[in-house]
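Thanks for making the time this morning.

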Amino acid sequence: MENSKTINQINQLFHNKGVRQEDRFTLLIDLLESNKNGVQNEQFKEVIQLIESFDYKNTELIQEIFMSIGSKYTKYNLDQFYTPLTVSLFINSLMITGPGYNAIDPAGGTGDLLLYYNGNKTIWDIDENALKLCKFNYELHKQKDYTLVCKNALENFKEYEDTYSYSILNPPFGSNTIITDEA
């Protein structure tokens, strides 16, 4: 209940400032990024105060905020199916971290599969909106060592074959993601 109250408060603050519904997600990402870099935004300081009050150790709260705001933004448009965080935690616990180790998700979507990997991670996705959602997810979780690339993983992947220690993915399987191009 408290989680929904916080999400509603953020939406109400945006409404009070005249931010259109379709612009709120992008603005929230920008505010998170600016705040991380120490840039203050006086117009939306109440939103930042709410975000800073989150208990970032409470991954259920952060994920609920992400799913509530993020799923409204793209879930039906992108035919996305989110990976449960328990799966992400399990996979990431099996991966070695440290100097010289890195990971990629070439069909990254929201980036959940590598969310808890403690090393450099790269997320590719063919859709810019999915990468916006991924960035929102990673900013909410205060992730630092990641690179997002808008790229079709089915094209020109051979040049990256020996670049990553791990390649982890949950391939798109929705009815809107059927590829008929033989190449």
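This is a predicted model: local features need pLDDT of at least 70, side-chain atom pairs count only at pLDDT 80 or more; totals for chains, interfaces and linings use all residues.

Moving back into the helix, α6 covers residues 128-140, which is 13 residues, and from its first C-alpha to its last it reaches 18 Å, close to the 18 Å expected at 1.5 Å a residue. At its N-terminal end the cap is provided by D127, with a side-chain oxygen placed 2.7 Å from the backbone nitrogen of N129. Which residues of α6 are buried? They are A130, L131, L133, C134, F136, N137, Y138, E139 and L140.

Some of these residues return when we look at the packing partner, helix α2, which spans residues 21-36 and packs with α6 at an angle of about 45 degrees, the two axes lying 10 Å apart. Because of that angle, α2 counts as oblique to α6, and the crossing in which α2 passes α6 is left-handed. On the α2 side the meeting residues are F25, T26, L28, I29, L32, E33 and K36, and on the α6 side they are K132, L133, K135, F136, E139 and L140.

Let me turn to a residue in another helix, N92, which lies in α5, residues 85-93. Is N92 buried or exposed? With a relative accessible area of 7%, N92 is buried, because the cut-off for that label is under 20%. Its side chain reaches the backbone oxygen of S88 at 2.8 Å, and, leaving aside residues up to four places away in sequence, N92 touches L113, L114, L115, Y116 and Y117.

Finally, the chain as a whole. There are six helices and four strands, and from the N terminus on the elements run α-α-α-α-α-β-β-α-β-β. Of the 183 residues, 41% count as buried, and among contacts between residues at least 6 apart in sequence, 63% join residues at least 24 apart.

Definitions and conventions
Residues are numbered from 1 along each chain as its sequence is written. Side-chain values use heavy atoms; hydrogens and water are left out. Helices (H or I, at least four residues) and strands (E, at least two) are DSSP runs, numbered from the N terminus. Buried means under 20% relative accessible area, exposed over 50%, partly exposed in between (1.4 Å probe, protein chains only). A polar contact is a pair of N or O atoms within 3.5 Å; within protein, one must be able to donate a hydrogen and the other to accept it, and residues adjacent in sequence count only if both atoms are side-chain atoms. Contact means heavy atoms within 4.5 Å. The expected span of a helix is 1.5 Å times one less than its number of residues. Axes are lines fitted to C-alpha atoms, for helices over the stretch in contact, and angles run from 0 to 180 degrees between N-to-C directions. Angles under 35 degrees count as roughly parallel, over 145 as roughly antiparallel, 65 to 115 as roughly perpendicular and the rest as oblique. A crossing is left-handed if the near helix is turned anticlockwise from the far one by less than a right angle, and right-handed if clockwise.
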